[in-house]
Amino acid sequence: MTAERPSITDRIDTATGGMRLRRLRQADWSRRLVRETQLSAADLIWPIFVREGSGEPHPVASMPGVARLSVEDCVEAARRARDLAIPVIALFPYTDPSLRDETGSEALNPENLVCRATRAIKAAVPEVGIMCDVALDPYTSHGHDGVMVGERIVNDESVELLCRQAVVQAEAGCDVIGPSDMMDGRVACIRGALDDAGCRDTMIMAYSAKYASAFYGPFRDAVGSGGMLKGDKRTYQMDYANSDEAVREAAQDLAEGADMIMVKPGLPYLDVLSRLVREFGVPTFAYQTSGEYAMMMAAVGNGWLDGDKAMVETLTAYKRAGASGILTYFSPRVAEMLRG
Ligand code: PBG
């Protein structure tokens, strides 16, 4: 006598205990009801490239849809950010090559492009936050973030200049200082310099886990530092094989006074992001870099990806991993979409 075989349905009910997970996925309303993370305009930081002069935006070839804007157009972009409820824009300058030198002295000029753009935006659209990078690479003739002596990027001398750069930007009206240079001890020194200058309210978002990455290429085109870069940045940016080291970097930056931390690049480093969120529980941001943007837009341009869907899916992935927000070149596009 052979035992009767259980039906597929019996097997499934035994295996799942009757808990059929597809039940909650059957309708849009139930999917929305149980959705665990929600992307909103308030999660966005919009990086913008600013250039000298007036007139039409200068497209960045490797970043379709992104251009270098005149100061006037940056003000317009800030108005757009306000109308789309994007909380912060991040300004990056394309510095005229004639103003670049060995020590990046233009970074310390209170009348430099970033400072003028910051003042213009603050005057016209005070309700939008402004973030500025602290690093010398848009200003140096060798494309490095710090001071070069021989082949070396010297730490302490660089930090001295970075502190002055931070104060110049804060005095122009910058709300969030983003040290992206990866020098040791820079957050403590910048915090001290800001406080000494009476800028106690200026926030610091530290690029804490910033990796030496292939995904910055299009950004370097946009700020014009790529062609100039001598060697690479591996003596200060992190080795992408490391994750424990990211915890140590973030712990130091927080102990030194960082208000917020960041992981960069984004998508290839979601494990690091998630780890820092769990470890520290402080506002933690991800930078969806120029290379990530370029990769996606190249596929979209070829008709291989649905741009809107890929954009929302990746940005939601950052949120799912625990990000408080994302620096993304998609900011205006996704904010429009979320509004619609
Ligand atoms: C400057 C800086 C870089 C980025 C932000 N700030 C480039 C670099 O470190 O070489 C990259 C941003 C992007 O790729 O979108 N230190």
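**Entry 1: two helices**

I began with a helix pair: Val-71, Cys-74, Val-75, Ala-78 and Arg-79 of H3 touch Leu-113, Arg-116, Ala-117, Ala-120, Ile-121 and Ala-124 of H4, contact meaning heavy atoms within 4.5 Å. I sorted the contact of H3 with H4 by class and found nine nonpolar, no polar and two charged residues (Ala, Val, Leu, Ile, Met, Phe, Trp, Tyr, Cys and Pro count as nonpolar, Asp, Glu, Lys and Arg as charged, and the others, Gly among them, as polar).

A note on sources: this is a predicted model, where local features need pLDDT of at least 70, side-chain atom pairs count only at pLDDT 80 or more, and totals for chains, interfaces and linings use all residues. Residues are numbered from 1 along each chain as its sequence is written, and side-chain values use heavy atoms, leaving out hydrogens and water.

**Entry 2: strand S5**

Six of its six residues are buried, so S5 is largely enclosed by the rest of the structure. Buried means under 20% relative accessible area, exposed over 50%, partly exposed in between (1.4 Å probe, protein chains only). I found Gly-129, Met-131 and Asp-133 on one side and Ile-130, Cys-132 and Val-134 on the other.

**Entry 3: Thr-202**

Last, I found Thr-202 in the loop between helix H6 (186-196) and strand S9 (203-210). Thr-202 is buried, at a relative accessible area of 7%. Among the residues it touches are Arg-191, Leu-194 and Asp-259.

Definitions and conventions:
Helix = DSSP H or I, 4+ residues; strand = E, 2+ residues; numbered from the N terminus. Lists of a residue's contacts leave out its neighbours within four places in sequence.
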